[in-house]
Amino acid sequence: MVDPTEAADDSSLQGNPFGTPSPLPFSLPPFDRIQPEHYGPAFDAGMAQHRAEVEAIAANIEPPTFANTLLALERSGELLTRTGTAFFGTSSALATPEIQAIQEEYAPKLAAHSDAIGLDSRLYARIRAVHDDADQLAALDAEARYLVERYLTEFTVAGAGLDDEAKARLRQLNEALASLTTRFEKQLLADANDLAVAVDDVSELDGLTAGEVSAAAEAAREHGHEGSYLISLVLPTNHPHLASLTNRELRRRLHDAQRARGSRGNENDTRGLVLEIVRLRAERARLLGYPTHAHAALADSTAESPERVLERLAPMARAAAANARTEQAALESEAGHPIEAPDWAFYSNRVRAATYRVDTAAMRPYFEAERVLRDGIFFAAERLYGLTFHERPDLPGYHPDVRVFEVREDGTPIGLYLLDLYTRDTKKGGAWMSSLVHQSTLLDEPHAVVTNNLNVPKPAPGEPTLLTFDEVTTFFHEFGHALHGLLARVTYPHFSGTQVFRDFVEYPSQVNEMWMLWPEVLANYAVHHETGEPMPQDLVDRLVASRSWGEGFATSEYLAAALLDQAWHALDLEQAAAVTDVDAFEQRALEDVGLANPLVPPRYSTPYFAHVFAYAYDAAYYAYIWSEVLDADTVAWFTENGGLTRANGDRYRRYVIGLGGAGDPLASYREFRGQDADPRHLLERRGLL
Ligand SMILES: [Zn+2]
């Protein structure tokens, strides 16, 4: 047997800050000492240590027990976890060429490392033995029993239970799928770049902001067309410029370019890849013992089966399609002529402005970032959960822009919150939360350390940071993930923080958005940065009223994509092999659910549906609306029970966000609410009743 401590004392980690646990408070990674060159050796030593530990567990001659198998696995890989959380928790915010090179080198190595563990038959046999031993299980508490369940499911879905021949085929399929999805992503990107829309005359860009026009000029210059304009394509079907471009012909060109991606019959056509991916996924599902890929993917989710997803989404699709037709009539009456798909967003914006007189730009002076943070986001968290936030400039962030806050609950420190608000060249787009330290009793880690990243443009020195309406929404949303990470209290690291089912993880963050416009919270933070005046109530009222406008379209295009994803992955091996025409398949799938309206195309059409053919959302794109059912039901609960109170926060924490992944989330939700979530609240919100 290998001594697992041996690798940790590897002399290659002399002077490497990952070689020992962090000496900083809350186990914050020592970013003041971590340099990019420390990651490679720490990953190598971490994988070696982990391999040795896992080998010792798998080869143990003692009969399998919870302690010598599950607990031992939970304790293994300490150095690798320490290195991996620091690296992957910051790599998207520090995407320098150096960091990207490390990621490219180590991503495949780490994938192979976890594959080797996930496919180990000896481990699988031990886990199954513990799982099947009724006496052992009876002696465990609920969290421990749930851990056994989860391990068995995860190893089963990974293929650990297969014989050697089937495993060999599984490895081939995994490799082939990894390369096909990478090719899909590359070809789609190449085709999208190729299809960027060139415009010679600036007058055609009428309707765009000065910033958007100069971005188009810059894009053209980068492509060697100084003096003209280039509109780059974006992933979803509807390009944001369609809402403002007044030139109908240009709207048509832009929309046609968006729709053409991946289906022009050139070398970047992705449709052949799609058919191959769908076939191989169906084959893999059969190998793993599931009728279809959707069944395999949903075995590890709160939805549990594709049938349940369809049961919930199909009625919504019919109602949304009817609403979209009603909206279309309003748009055509505004336009004075029949409209086409490229016109939808443009006239929808006009109707919204005319009906609700919403001016989100007028809100910006009321959204000064520091007040939003302290008097909005932190304020709501204090009222609900008793949390206070104390800036710790003495603790190092991973970038000079990062601010570190100590989080206390009723005065007791519980962790750190790192805020990285501003955009910069080395930060990837979007907004996200990540965990740098996972709380778990087993590993004697009482605290969590979490980060929030946004991409707010940095103002000129001395100027205040004024956020847009969408940025404030995003800020509250990401902070909801942060709370989930900070407040969970679990025994096993496997369940820590936001490590929950994929179709559950967006729910707590969606709920936290409700406090942004909650009267008590809004009044506390939304004051004019120059005059100190509160935001006028009619501005708020009109905005709230306008929110239901356009839901017919938005829900239809989303559900069309979600159900298309389900349709592709509900094919068994023979059915998948029989499909030869991607476009015809998509058309029929949309007709089947009543969403084949050419004016409301799916948010992503098959040839450019990167979420499911490149980004690992296969059979899972439904998750956004699935978790929104819980969100809307929870918002109704808070509202019915007096809103922003500590009693409400405590109950929500006890049954939902305090739980991490350590229990069946829907069973716990039932206890929280006294019943299952009522989808009616979501239907109401989206106007689907
Ligand atoms: Zn989120």
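Helix α27 (residues 665-673) has the buried residues Pro665, Leu666, Ser668, Tyr669, Phe672 and Arg673, where buried means under 20% relative accessible area, exposed over 50% and partly exposed in between (1.4 Å probe, protein chains only). Seen down the axis of α27, these residues fall within an arc of 155 degrees, so they line one face of the helix; the arc is that of the directions from the helix axis to the C-beta atoms. The model is predicted: local features need pLDDT of at least 70, side-chain atom pairs count only at pLDDT 80 or more, and totals for chains, interfaces and linings use all residues. Residues are numbered from 1 along each chain as its sequence is written, and side-chain values use heavy atoms, with hydrogens and water left out.

**Around helix α27**

- Helices (H or I, at least four residues) are DSSP runs, numbered from the N terminus.
- The buried residues of α27 pack against α8 (142-158), α18, α25 (623-640), α26 (646-657) and α28 (680-685), with contact meaning heavy atoms within 4.5 Å.
- At the start of α27, the backbone nitrogen of Leu666 has a side-chain oxygen of Asp664 within 3.0 Å.

**Zinc site**

- His477 (NE2), His481 (NE2) and Glu506 (OE) are the protein donors of the zinc ion, lying 2.1 Å from it.
- Donors are N, O and S atoms within 2.8 Å of the metal (3.2 Å for Na, K and Ca); water is not among the atoms, so sites may look incomplete.
- Along the chain, the zinc donors follow the spacing H-x3-H-x24-E.
- His477 lies in helix α17 (residues 469-487) and Glu506 in helix α18 (residues 506-512), so the pair ties together parts that are 29 residues apart in sequence.
- His477 is buried, with a relative accessible area of 14%, whereas Glu506 is partly exposed at 22%.

Conventions. Helix = DSSP H or I, 4+ residues; strand = E, 2+ residues; numbered from the N terminus. Polar contact = N/O pair within 3.5 Å; in protein donor to acceptor, adjacent residues only side chain to side chain.
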